Amino acid sequence: MESLWPQIEPLLAQVTKPARYIGGELGAQQVVHGPDLVSWLLVYPDTYEVGLPNQGLQILYEILNERPDAAAERSYAPWVDMEAAMRAAGVPLFSVEGHHPASAFDVIAFNLSAELVYTNVLNLVDLAGVPVRSADRSDTHPLVMAGGHCAFNPEPLADFVDCFVLGDGEEVVGEVNAVLAEFRGGGHRRPGDGAGRADLLRALSRVDGVYVPSCYDVAYDDDGRLAGVAPRYADTPERVEKRTIADLGAWPYPRRQLVPLIEVVHDRLNVELFRGCTRGCRFCQAGMITRPVRERPAEQVRTMVSAGLERTGYDEVALTSLSSADYSGIQETVTAIIDDPACSGQVSVSLPSLRVDAFTVGTAAQIQRVRRTGLTFAPEGGTWRMRQVINKLIREEDLYAAVDAAFSQGWKRVKLYFLIGLPTETDEDTLGIVALAKQCVAIGKRYHNSVTVTASVGGFVPKVQTPFQWFGQNTIEELTRKVHLLRDAARPVRGLTIRWHDPKATAAEGVVSRGDRRMGAVIEAVWRAGGTFQEWSEHFDLQLWTDALAAHGMSLEDTVYRHRTEDEVLPWDHLSAGLHRDFLWQDWKDALAEFGLPDCRWTPCYDCGACTGYGVEHVVASAVPPAGGSQGTGQDLSTGGQVPVRFLTTAPSGAAPASGPGGSATALVGEGRG
Ligand code: SF4
């Protein structure tokens, strides 16, 4: 492949952070391409700093490069200054390893972890010199693929992405590569060259977990509502099921985590403790679509931590998952890491996504032995009633006990995450956020003269494949009113800071989140009007979105604020995250009835479909439920269905999300201090 470095190098003096574009990180692969190797360009459609730590991309990068029939490089969205310089100089999107042009790769594969990056996806395909619409591509163009959590509603990108992968990527990426390699056989320059792109896409559509939009017809009824999405060919599956790896222990990746040359978000060693979550928080798409729970064996966690620290030189490790304190034996694992002689007492451990009910004084004490990193808890709802609706069954006393533990062990800053705009939310629920945070400040002042509690408030966007997928999102005006309520109530409280996400950006996210295939025209219009980097406050522009909606006969009222009905065909109904639709509907009704559902790790299975449908099960090292019952709330553990769940005494199997830390570092926030 040709290197574009001679054309790229002169541009670097003109742009901010040129190190974004040079590669050379510790852990970067020496990629060798060859006629028998399928070449992949793995692209994170946001800046280098946001994209580099993404664990999903790094896992696939290593797995592909270990294969004898594949070679993978990486790319990230060039910031606007670099893009302008590239376009002016005629330099296309390139890889950071070999600085090869994106169009020379067989596959350009995107990680989709947030909806507002979709316009960047179109921009990067265009910057690669590849036609933006799939239908305009020929056999000479790379395949454009995408995966990640947002792929569970791929329809808004269906006109631009040739195929999507649903679920865990570790196994399916090899199967996709095998299909591409087979088509590449016979000396074709491209996998589809000679054999025909349409044939290749049909072959890919037969791989489990792969969705090829062009193999499906979409029908609308007379009212313009979606009537159905049906396969065009007899050998195309009616419903695409997600992929689930049963054994996380079989995939100890990344083995060689990338260490960047410049500061990035989550700049530390990251080791995934487990994948999946069965707490059942109804707003949480990540929890719903990654079921069941699959823990990594504790010994492997320790080995990955010590080897990773030694190799990278980091002095901080994050033990990642959707709820790290739920990991069996978390205290022992943290203690073992801190006591490891290799760490020399200089390594700090952070546990993102702590749940307050599982957090203990012991864990806090272990973590703070070396250095007090930030502590974040996520009650999500301001009142017990609200938390029953969303099934985040945290009692106030649980939160206060956790916060007390933290302050008593020396922390002076605590962060709390909340959502506003949740189903059935009242002003009492909203103001409950300030009441909770205020009490946390008071607890902190028992131990320290000066403490800071930050309540971070996000507007709720209903996500597909969750029980709230039928809910009509709060309007911008309503979310803004709630933000003002919070800000005013927090103002007199010294030590309390309220931060909030821009309600306009929440609305734009909602536009894409549950859109059907027609939303592609809106995304394209926003991109053509210059709307890239919509995750970034300095570039986000709601007017671009509302203008594009209006130009295509759509509105926020219909696409974002409208409640969906039970019998309505949803644009993602032909795709499955494993969860039965009737389970989700019942859970939605339970939410409205303020009825909580126990964590099925410690109660009988209620057959949501995630295990029973795929022949997999939870992999947890402990069959001992938390003190006090499910979710630590005293809930009756006998509640549940009839199918028993087998708990393993050791943890031989497990799986983790193909996207890990490294999500958007969006700056779309406001702030008010007490
Ligand atoms: S199938 Fe049963 S055990 Fe598995 S996640 Fe669903 S409810 Fe839990």
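Visitor: Which residues lie nearest the centre of the largest cavity?
Guide: Leu60, Ala109, Phe110, Ala146 and Gly147, out of 20 lining residues. A cavity is a set of points on a 1 Å grid over the protein atoms alone where a 1.4 Å probe fits but cannot get out, and lining residues have an atom within 4 Å of a point. This is a predicted model, where local features need pLDDT of at least 70 and side-chain atom pairs count only at 80 or more, while totals for linings use all residues. Residues are numbered from 1 along each chain, and side-chain values use heavy atoms, without hydrogens or water.

Visitor: OK, new topic. At what angle do H16 and H18 cross?
Guide: Roughly 35°, with the axes of H16 (503-513) and H18 (542-551) coming within 10 Å. Axes are lines fitted to C-alpha atoms over the stretch in contact, and angles run from 0 to 180 degrees between N-to-C directions. Helices are DSSP runs (H or I, at least four residues).

Visitor: Which residues make the contact?
Guide: Lys504, Ala508, Val511 and Val512 of H16, with Leu542, Trp545 and Leu549 of H18. Contact means heavy atoms within 4.5 Å. By class, that's six nonpolar residues and one charged.

Terms used. 1 Å grid on protein atoms, 1.4 Å probe; cavity = no way out; pocket = protein on both sides within 12 Å on 5 of 7 lines; lining within 4 Å. Helix = DSSP H or I, 4+ residues; strand = E, 2+ residues; numbered from the N terminus. Nonpolar A, V, L, I, M, F, W, Y, C, P; charged D, E, K, R; others polar.
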